[in-house]
Structures are given as structure tokens and as C-alpha cells.
Amino acid sequence: METTVRFIERMPRTSQVNSYRFTRPPGFSFQAGQYVIVGLGHEGMLVHPLSFSNGPQQDFLEVTKRMTGSAYSQYIEGLYPGDEVIMKGPNGDFSMADISNDIVCLAGGIGIAPIRSMLVDSASRHDRRRITLIYGNSDDDDVPFAEELEELQKMHLPGFRVTHVLGRSLGKMQACQGRIDSKVIRSEVTADLQEATFLISGPPVMVREMEEQLALLGVSSSRIRVERFLGYT
Ligand SMILES: Cc1cc2nc3c(=O)[nH]c(=O)nc-3n(C[C@H](O)[C@H](O)[C@H](O)COP(=O)(O)OP(=O)(O)OC[C@H]3O[C@@H](n4cnc5c(N)ncnc54)[C@H](O)[C@@H]3O)c2cc1C
């Protein structure tokens with residue numbers, strides 16, 4: 001489905017990551033974790049797939065983009081309230097809606113976007129499932145949604161726990177140092193690794209690394225769901 005929406009506002013998440021909110025046309029629905037093809041510029045000529053980062057119950061549509069200096073980044077950054085944008089979708093089947101057992105999410109950087117959508121959705125449903133998020137970023141100055149994840153953990157989702165993994169740390173956040181690997185997964189996940197369902201989201205290289213680490217832990221590929229953010233290395 002192709003639909004025209006209007007830009008509402010920009011929400012800075014870190015110095016390099018922003019969310020962009022758009023009007024939600026009547027009757028437009030999506031499932032937490034899905035993405036949309038966002039067309040910018042003349043007749044929507046500049047296109048990228050972007051995951052919804054907000055909950056499906058909210059009355060706006062939100063995507064979250066890492067600023068890279070690309071033409072696309074510059075264009076989305078230059079939107080004014082009321083500007084028209086073309087969206088095609090929703091697309092994709094990256095979801096935790098049908099999972100009844102324990103869930104482990106492995107997110108790399110901006111790969112948090114669809115996971116955040118699912119967590120907002122879960123909070124609005126008073127979800128009591130055990131959900132563990134292991135969230136990797138390069139440093140603690142650039143962790144999108146860090147405060148919100150803490151709040152979800154403390155206030156809204158009794159079964160939710162987040163572990164941060166940082167390449168380098170300035171000591172501002174409690175975090176494991178390094179990269180997400182089988183050792184971190186084994187120590188941070190209290191659920192049975194053979195029974196849990198894993199959701200991996202991030203750049204293709206990160207997704208491949210995570211699949212390799214889960215294979216080392218004996219996790220069956222049938223228990224792994226992935227969203228590859230093609231376009232990032
Ligand atoms: C299902 C899905 C969901 C995504 N969700 C998000 C999101 O929520 N937030 C986010 O920041 N990014 C997301 N991405 C990645 C996003 O679509 C862009 O590719 C990425 O943001 C890089 O774009 P850029 O404007 O920064 O750089 P650009 O310079 O536009 O792109 C960088 C390089 O990647 C190539 N490229 C760009 N897009 C694609 C593509 N879709 N497939 C193959 N090659 C491509 C370009 O040709 C270029 O060589 C998602 C990608 C997919 C496939």
C-alpha cells in the first residue's frame with residue numbers, strides 16, 4: 001500500500017541518531033517490528049527501507065535513522081513540518097507477537113528501532129513475558145533510547161531486562177565491555193538458551209556475527225529471527 005503522510009517533528013535520540021514523526025492516515029495499521037519504504041524528494045525518488053520505531057497503538061508513525069551524511073540523511077534532516085513523504089508498506093515479518101516462550105533480542109546500534117517498537121507495544125499490552133535485550137553500541141554517548149529502556153525495565157515491563165555492551169565506555173553507563181559474543185550471551189541470559197527464541201537486528205555484518213555466536217552455543221537456526229539493515233556495513 002502506498003500512502004502520503006506529512007512530517008510532524010524530529011526527535012533527537014543521540015548526537016547521531018534522530019527519530020522522525022509523521023501523520024498516521026486513518027486506517028493505516030502495522031505490526032510492531034515491521035518496516036516501511038520511505039520515499040523523499042520529488043515524487044519520493046530517494047528511497048530507503050526504515051523500521052517503525054514506535055508502537056502500533058500510537059497516533060503517529062515514527063522511524064529512526066542514523067545520520068551518515070548521505071543525500072538521504074540530509075534530505076530527511078531538512079524536512080519541515082507539513083512536508084509530504086511517500087510511504088510504501090508496511091512490510092516484513094520481524095515480530096515477537098506469536099512467541100510464547102522466553103525471548104532474547106540482540107540489537108546492534110540503530111538495529112534497536114524495530115525492537116523498540118516491539119517493547120513499546122509490549123508495554124502497552126502489559127506483557128509479562130521474559131524478554132532479555134543485549135544491546136551493543138560503540139560508546140555510551142551514542143546509545144539510542146538508553147533512558148527509555150531503563151524506564152521500561154524499572155516501571156513498565158516486569159519481565160524485561162537490558163544489558164548494554166559497549167566497545168568503549170566513558171563510565172557513564174553500567175555495561176559489559178567489548179562486543180556481544182557467546183560469553184556475554186551465556187552470562188546475561190537466564191532463560192534456557194535451547195528453548196528461547198532469538199531476534200537479531202542490525203547491520204548485516206553484526207547479524208552474521210550473532211548467528212555464528214548462537215551456533216557456538218548450540219542454538220538451532222529455527223529459533224532465530226533476523227532483520228538485516230542492508231545499506232550499513
Ligand atoms: C528491512 C530494513 C530495515 C531498515 N531499518 C532501518 C532503520 O530503522 N533505521 C536506519 O537508520 N536504517 C535502516 N535500514 C537501513 C537503511 O535502509 C539504509 O540503507 C541505511 O540507513 C543507510 O542509508 P544512508 O542514507 O545512511 O546511506 P546511503 O549512502 O544512502 O547508503 C549506503 C550504501 O548502502 C547502499 N544501500 C542503501 N540502502 C540499501 C538497501 N536497502 N539495500 C542494499 N543496499 C543499500 C547504497 O547503495 C550505498 O552504497 C533498514 C534496512 C532494511 C533492509
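This is a predicted model: local features need pLDDT of at least 70, side-chain atom pairs count only at pLDDT 80 or more; totals for chains, interfaces and linings use all residues.

User: Does glycine 171 count as buried or exposed?

Analyst: A residue counts as exposed when its relative accessible area is over 50%. The relative accessibility of glycine 171 is 59%, so the residue counts as exposed.

User: What separates the C-alpha atoms of glycine 171 and methionine 206?

Analyst: Along the chain, glycine 171 and methionine 206 are 35 residues apart.

User: How many helices and strands does the protein chain have, and what is its radius of gyration?

Analyst: The protein chain has 5 helices and 12 strands. For 233 residues the globule rule gives 17 Å, and the computed value is close to that, so the chain is as compact as a globular protein of that length. The radius of gyration is 17 Å.

User: Of the contacts between residues at least 6 apart in sequence, what percentage join residues at least 24 apart?

Analyst: As background, 52% of the 233 residues of the protein chain count as buried. Among the contacts in the protein chain between residues at least 6 apart in sequence, the share that joins residues at least 24 apart is 72%.

User: How far apart do the centres of the positive and negative side chains lie?

Analyst: The protein chain has 24 positive and 29 negative side chains. The centres of these two sets lie apart by 2 Å.

Methods
Residues are numbered from 1 along each chain as its sequence is written. Side-chain values use heavy atoms; hydrogens and water are left out. Helices (H or I, at least four residues) and strands (E, at least two) are DSSP runs, numbered from the N terminus. The radius of gyration is taken over C-alpha atoms; the globule rule is 2.2 Å times the number of residues to the power 0.38. Buried means under 20% relative accessible area, exposed over 50%, partly exposed in between (1.4 Å probe, protein chains only). Contact means heavy atoms within 4.5 Å. Lys and Arg count as positive and Asp and Glu as negative; His and the chain ends are not counted. The place of a charge is taken as NZ of Lys, CZ of Arg, CG of Asp or CD of Glu.
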